Amino acid sequence: MQEALKSFKRYLLQNNLRLTQQRILIFKIFMSEEERISPEELLLEAQGVDTTISRSTVYRTVKHLHSAGIARCIHEGDGVTYYEPMGDQSCQMICERCGRAIPIKNPYYECLQQETARQQGFTLYRYTSVLYGLCCDCSGIQRPASTPGRRRKHCRRRKA
């Protein structure tokens with residue numbers, strides 16, 4: 001989140017915009033979301049913390065987050081525009097049979113991306129990865145039962 005905040009500050013500075021407390025609050029709420037969010041949903045959450053935040057402030061801030069490359073815009077068939085952070089939220093596995101999208105939430109995967117960039121002398125702000133294959137349901141592989149204190153999300157072959 002720190003790199004995204006740096007990018008947002010840089011974007012605001014380059015566009016002669018101020019980094020207000022309300023923008024910081026909206027940024028933090030937005031970045032803490034694990035799923036896509038509409039500006040209206042973001043407004044409700046932000047007003048739960050600061051009742052003086054206006055609808056226009058939220059919409060403008062979301063537009064700035066999108067322009068800064070921090071938020072990705074998603075248009076759904078319901079006519080609502082949603083946004084999601086561009087960070088590791090944009091890493092996913094797509095099942096080629098059923099189309100299921102499975103987010104990749106793995107700290108080792110993120111570390112690998114960071115280390116690869118570091119080794120190349122590259123400053124990494126964000127990345128997108130899409131892996132294609134078959135999900136557990138389509139491949140005939142089942143997920144193991146969760147181990148207490150440890151959550152396992154990989155699959156193993158079903159016994160015949």
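Which pattern does the protein follow when read along the sequence? Colour the chain by secondary structure and the pattern reads α-α-α-α-β-β-β-β-α-β-α-β-β, with the secondary structure coming to six helices and seven strands; here helices (H or I, at least four residues) and strands (E, at least two) are DSSP runs, numbered from the N terminus. The model is a predicted one, in which local features need pLDDT of at least 70 and side-chain atom pairs count only at pLDDT 80 or more, while totals for chains, interfaces and linings use all residues. Residues are numbered from 1 along each chain as its sequence is written, and side-chain values use heavy atoms, with hydrogens and water left out.

**The whole chain**

Among contacts (heavy atoms within 4.5 Å) between residues at least 6 apart in sequence, 47% join residues at least 24 apart.

**The nonpolar core**

Next, select Phe8, Phe27, Phe30, Leu42, Val58, Leu65 and Ile70, the residues with the most contacts inside the largest nonpolar core, which has 23 residues. Such a core is a set of buried Ala, Val, Leu, Ile, Met, Phe, Trp, Tyr and Cys residues joined through side-chain atoms within 4.5 Å. Two or more residues each are given to this core by helix H1 (2–14), H2, H3 and H4, and H2 supplies the largest share, six residues. Centre the view on Val58 and, leaving aside residues up to four places away in sequence, you will find that Val58 touches Ile26, Pro39, Leu42, Leu43 and Ile53.

Now select helix H3 (residues 39–49), whose buried residues are Pro39, Leu42, Leu43 and Ala46. Because these residues cover an arc of only 105° around the axis, they lie on the same side of H3; the arc is that of the directions from the helix axis to the C-beta atoms. The buried residues of H3 pack against helix H2 (21–32), helix H4 (55–67) and S2, whereas the face turned away from the buried side carries the exposed residues Leu44 and Gly48.

The C-alpha atoms of Tyr59 and Pro39 are separated by 6.1 Å, although the two residues are 20 residues apart along the chain. Tyr59 touches both Pro39 and Glu40, not counting residues up to four places away in sequence, and at 37% relative accessibility Tyr59 counts as partly exposed.

**The loop between H1 and H2**

Asn16 is the next stop, in the loop between H1 and H2. Most residues other than glycine have a negative phi, yet Asn16 has a positive phi of about 55° although it is not a glycine. Asn16 is also exposed, with a relative accessible area of 71%.

Select strand S1 (residues 71–75) together with S2, which pair in the antiparallel sense over five bridges; two strands pair if DSSP finds at least two bridges between them. Ile74 has Tyr82 as its bridge partner in S2, and in the hairpin, which has five residues between the strands, Gly79 takes a positive phi near 85°.

Which side chain does the side chain of Glu84 make a polar contact with? Glu84 lies in strand S2 (residues 81–85) and is buried, with a relative accessible area of 15%. The partner is the side chain of Arg72, at 2.5 Å, a polar contact being a pair of N or O atoms within 3.5 Å, of which, within protein, one must be able to donate a hydrogen and the other to accept it, and residues adjacent in sequence count only if both atoms are side-chain atoms.

**The open sheet**

Finish with the open sheet that three strands form in the order S4-S3-S5, with mixed pairing. Its edge strands, each pairing on one side only, are strand S4 (101–103) and strand S5 (129–133). Strand S3 (residues 91–95) pairs with S4 in the antiparallel sense over three bridges, and Gln92 has Pro103 as its bridge partner in S4. In the hairpin of S3 and S4, which has five residues between the strands, Gly99 takes a positive phi near 85°. S3 and S5, by contrast, pair in the parallel sense over five bridges, with Ile94 standing opposite Tyr132 in S5.

Methods: Buried means under 20% relative accessible area, exposed over 50%, partly exposed in between (1.4 Å probe, protein chains only).
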